[in-house]
Structure formats: structure tokens, C-alpha cells
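Colleague: I have this one open beside its sequence and would like to go through it with you. Could you take my questions as they come?

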Amino acid sequence: DDEQIASESLAENITDAINANGGVFRLGISTGSSPVVLFKELVKRYKAGEVSFKNVEVYSTDEFYPAPADSQSRNRRLYEEFVAQVDIKPENVFVPKLTELHDSTYVSEFCTAYDAKATGLDLLVMGVGEKGQVGFNENGASEFSRTRTVLLPYGSRKRQAKNFGSVEATPHTAIAMGISTMLSAKKINL
């Protein structure tokens with residue numbers, strides 16, 4: 001019931017933090033529907049001239065692996081409802097996205113590189129899933145986990161099936177920013 005009020009307050013805090021930052025502001029954002037109202041509030045502030053995103057880097061917390069078509073992407077809303085509406089540079093948007101299957105060494109190196117980029121964010125904004133998961137880190141995920149591939153349990157796949165037409169068509173794996181990586185952020189809003 002307080003989603004609008006919370007999003008307005010959080011957008012104000014993000015705007016103030018970006019404006020107070022003298023360099024590049026590194027913002028982590030969860031995927032899915034959780035940040036949609038926040039995106040609208042940030043876009044509204046951008047259009048009113050209250051904030052610029054030219055010096056902002058955005059880091060997504062997860063994506064299916066291999067990444068599906070854009071319409072089924074966990075990050076579709078990030079691009080459509082935020083990135084495309086503000087002056088953020090496309091090269092400053094980072095998503096843990098691999099579009100095809102790779103050998104385990106390549107995937108491990110990709111996750112390690114993404115983790116290094118996403119460590120120490122200025123601010124991380126996270127939503128909590130219906131079953132308590134945070135960015136595809138299911139209940140019981142280690143607090144020491146780093147960015148990695150995760151198997152998606154049936155319940156998560158069932159919740160995501162609306163985007164794929166059936167549970168069977170829903171990906172079995174994802175790349176998820178780890179809990180330890182998330183906790184390295186200077187500030188976290190959950």
C-alpha cells in the first residue's frame with residue numbers, strides 16, 4: 001500500500017545522492033516489477049531537471065541464463081522504463097547477461113569479472129521476492145556468495161512462467177549477484 005510513498009522517498013534520496021556525488025555514482029538495481037514505480041519517479045525527476053544520469057552507472061542484480069529474448073528478460077523494465085527515458089549512457093548499464101550457453105570456465109570468468117565491477121556500489125536498491133528471495137538468491141543462499149550461476153527451483157520457475165508461457169519453457173538457471181557482493185554496497189535500500 002505504501003509503494004508510491006516509498007518510491008517517492010527513495011527517488012528523492014537517490015537524486016540527492018547523485019547530485020552530491022562528485023564523480024561516477026554506482027547504482028545497483030533489482031530486476032522484475034519491484035523497481036517499476038521507482039523508475040517512474042526517477043524519470044519524473046529527470047524530466048523536471050532535478051537530476052542527470054550522465055555520470056551514473058547502473059548494475060543489475062540478475063538475469064536468466066542463457067538470457068532469453070528481450071521481451072522475456074528480467075531486465076526488460078530496466079531498459080524500457082528507465083534507461084530509455086533518461087540521459088544515462090548505454091555503456092554505463094551493466095547486466096549479468098550471457099545470451100548463449102558457454103563452457104563452465106567462460107561462465108566462471110564472466111561472473112568473476114561482473115562481480116569485480118559490481119563490488120562496492122554506492123547504493124543498492126533491492127526488492128524481496130514473494131518467497132523471500134533476493135535477486136535469485138533463494139532462502140538459504142550463503143552470505144559469502146559472489147556473482148554466480150544458480151539453479152532456479154520449481155517455485156521460482158513457476159512464478160516466472162507467465163513470461164514464458166509455461167514452466168517447462170522457463171529457464172532453469174540464472175546469473176545472480178551474490179549476497180556478499182550485495183553487502184559490499186556502501187548503502188542498501190531493501
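Colleague: Tyr59 and Phe94, then: are they buried or exposed?

Modeller: This is a predicted model, and in it Tyr59 is buried, as is Phe94.

Colleague: And how are the rings of Tyr59 and Phe94 placed, centres and planes?

Modeller: The ring centres of Tyr59 and Phe94 lie 4.8 Å apart and the planes stand at 15°, so the pair counts as stacked, for which the planes have to be under 30 degrees apart. Tyr59 belongs to strand β2 (residues 56-60) and Phe94 to strand β4, so this pair ties together parts that are 35 residues apart in sequence.

Colleague: How many aromatic pairs does a search of the whole structure find?

Modeller: The search finds six aromatic pairs. Another of them is formed by Phe39 and Phe82, with ring centres 5.3 Å apart and planes at 15°, so that pair is stacked. Phe39 sits in helix α2 and Phe82 in the loop between α3 (76-81) and β4 (93-94), so parts 43 residues apart in sequence are tied together by the pair. Both Phe39 and Phe82 are buried.

Colleague: Which residues do ring pairs link into a cluster?

Modeller: The cluster consists of Phe39, Tyr46, Phe53 and Phe82, linked through ring pairs.

Colleague: Switching to helices, at what angle do α1 and α2 cross?

Modeller: The axes of helix α1 (residues 3-20) and helix α2 (residues 36-47) cross at roughly 50° and come within 8 Å. That angle makes α1 oblique to α2, and the crossing of the two is right-handed.

Colleague: Which residues meet there, and what is the contact made of by class?

Modeller: On the α1 side they are Glu3, Gln4, Ser7, Glu8, Leu10, Ala11, Glu12, Ile14 and Thr15, and these meet Val37, Leu38, Glu41, Leu42 and Arg45 in α2. By class, the contact of α1 with α2 has six nonpolar, three polar and five charged residues.

Colleague: Now the backbone: which residues does a cis peptide bond join?

Modeller: The cis peptide bond joins Tyr65 and Pro66, with omega at about -10°, and Pro66 lies in the loop between β3 (62-65) and α3.

Colleague: What about phi of Phe136?

Modeller: Phi of Phe136 is near 65°, which is a positive value in a residue other than glycine. Phe136 is in the loop between β5 and β6, and with a relative accessibility of 5% Phe136 counts as buried, the limit being under 20%.

Colleague: Where does Met126 sit, and what is Met126 in contact with?

Modeller: Met126 is in the loop between β5 (123-125) and β6 (148-151), and Met126 is buried, at a relative accessible area of 6%. Apart from neighbours within four places in sequence, the contacts of Met126 are Ser30, Thr61, Val134, Gly135, Met182, Asn189 and Leu190. Met182 is 56 residues from Met126 in sequence, yet their C-alpha atoms are 9.2 Å apart in space.

Colleague: Last one, Thr181: where is Thr181, and which residues does Thr181 touch?

Modeller: Thr181 is in helix α6 (residues 179-183) and is buried, with a relative accessible area of 1%. Not counting residues up to four places away in sequence, Thr181 touches Asp115, Ala118, Thr119, Ser145, Arg146 and Thr147. From Thr181 to Thr61 the separation is 120 residues in sequence and 9.7 Å in space, C-alpha to C-alpha.

Key: Residues are numbered from 1 along each chain as its sequence is written. This is a predicted model: local features need pLDDT of at least 70, side-chain atom pairs count only at pLDDT 80 or more; totals for chains, interfaces and linings use all residues. Side-chain values use heavy atoms; hydrogens and water are left out. Axes are lines fitted to C-alpha atoms, for helices over the stretch in contact, and angles run from 0 to 180 degrees between N-to-C directions. Helices (H or I, at least four residues) and strands (E, at least two) are DSSP runs, numbered from the N terminus. Angles under 35 degrees count as roughly parallel, over 145 as roughly antiparallel, 65 to 115 as roughly perpendicular and the rest as oblique. A crossing is left-handed if the near helix is turned anticlockwise from the far one by less than a right angle, and right-handed if clockwise. Contact means heavy atoms within 4.5 Å. Ala, Val, Leu, Ile, Met, Phe, Trp, Tyr, Cys and Pro count as nonpolar, Asp, Glu, Lys and Arg as charged, and the others, Gly among them, as polar. Rings of Phe, Tyr and Trp (its six-membered ring) pair if their centres lie within 6.5 Å; planes under 30 degrees apart count as stacked, over 60 as edge-to-face and the rest as tilted. Buried means under 20% relative accessible area, exposed over 50%, partly exposed in between (1.4 Å probe, protein chains only).
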